[in-house]
Amino acid sequence: MKQVLVVYDSKFGNTKQLANYIAEGIGESGIAEAIVIGISEIEDQSFDTFDGILFGAPVHAFRATRGIKGAVKKAAKKGLDGKLVGAFETYQALRHAGKFSRQIEGDLQKKAKSAKMFSPALNSLVDGYEGSLNEAEPAKGKEFGQKFSQEL
Ligand SMILES: Cc1cc2nc3c(=O)[nH]c(=O)nc-3n(C[C@H](O)[C@H](O)[C@H](O)COP(=O)(O)O)c2cc1C
């Protein structure tokens, strides 16, 4: 069984929820299983056993959060060579859909040159500033997890 690490940043809990739906999809694939951690846990996390790593964050002021950017940097230092990596985001404003997961992907491409990029990223809508996750998103999260597993 392949192993996936799902790393999230989250202020109000929606991106954490999305990370858990993605992990559910990964588990349902029958190909891989997933562990979900917050960015504060990355320091103590060993990366050796993982075949794939996903990074997700809410959009804050037109940006992927500083927290997730720091997590990508730390993860790249620990070693992402040869691993499948990808990004997911939650956003509130429709016009911002998908703009900021590209920043996470850009960081991954810059800092982890020997990782394999999974695309497209998942961009999930929250209803209102603090959420909740739009009703369409749990299914999209699970599907994203399944597709990611198939590429491992
Ligand atoms: C400080 C701050 C800035 C935000 N800026 C944006 C923004 O530029 N565009 C947007 O679509 N949503 C913005 N939002 C809404 C967040 O995307 C939303 O709170 C988030 O997706 C919820 O995820 P979380 O529950 O994991 O924190 C902002 C939220 C906060 C707290």
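Good morning. I begin with helix α1, where Asn14, Thr15, Gln17, Leu18, Ala19, Tyr21, Ile22, Ala23, Gly25 and Ile26 are buried. Please bear in mind that this is a predicted model.

After α1 comes glycine 30, with a positive phi near 75°.

Let me turn to the ligand. It is surrounded by 20 residues, and the closest are Ser10, Phe12, Asn14, Thr15 and Pro58. Two of these names, Asn14 and Thr15, were also in the buried list for α1. Which elements supply at least two residues each of the shell around the ligand? They are α1, β3 and β5, and β3 gives the most, with 3 residues. By class, the shell has 9 nonpolar, 9 polar and 2 charged residues.

I now come to the backbone geometry in the loops. The peptide bond from serine 119 to proline 120 is cis, with omega near 5°, and proline 120 sits in the loop between β6 and β7. Another cis peptide bond joins glycine 131 and serine 132, with omega about 20°; serine 132 belongs to the loop between β7 and α4.

Finally, the loop between β3 and β4 holds alanine 61 and phenylalanine 62. Phi is positive in alanine 61, near 50°, and in phenylalanine 62, near 65°. Are these residues buried or exposed? Alanine 61 is exposed, with 6 other C-beta atoms within 10 Å, and phenylalanine 62 is exposed, with 10. Thank you.

Methods:
Residues are numbered from 1 along each chain as its sequence is written. This is a predicted model: local features need pLDDT of at least 70, side-chain atom pairs count only at pLDDT 80 or more; totals for chains, interfaces and linings use all residues. A residue is near a molecule or strand if its C-beta atom, placed from the backbone, lies within 6 Å of it. Helices (H or I, at least four residues) and strands (E, at least two) are DSSP runs, numbered from the N terminus. Ala, Val, Leu, Ile, Met, Phe, Trp, Tyr, Cys and Pro count as nonpolar, Asp, Glu, Lys and Arg as charged, and the others, Gly among them, as polar. A residue is buried if 20 or more other C-beta atoms lie within 10 Å of its own, exposed if 12 or fewer, and partly exposed in between; C-beta atoms are placed from the backbone.
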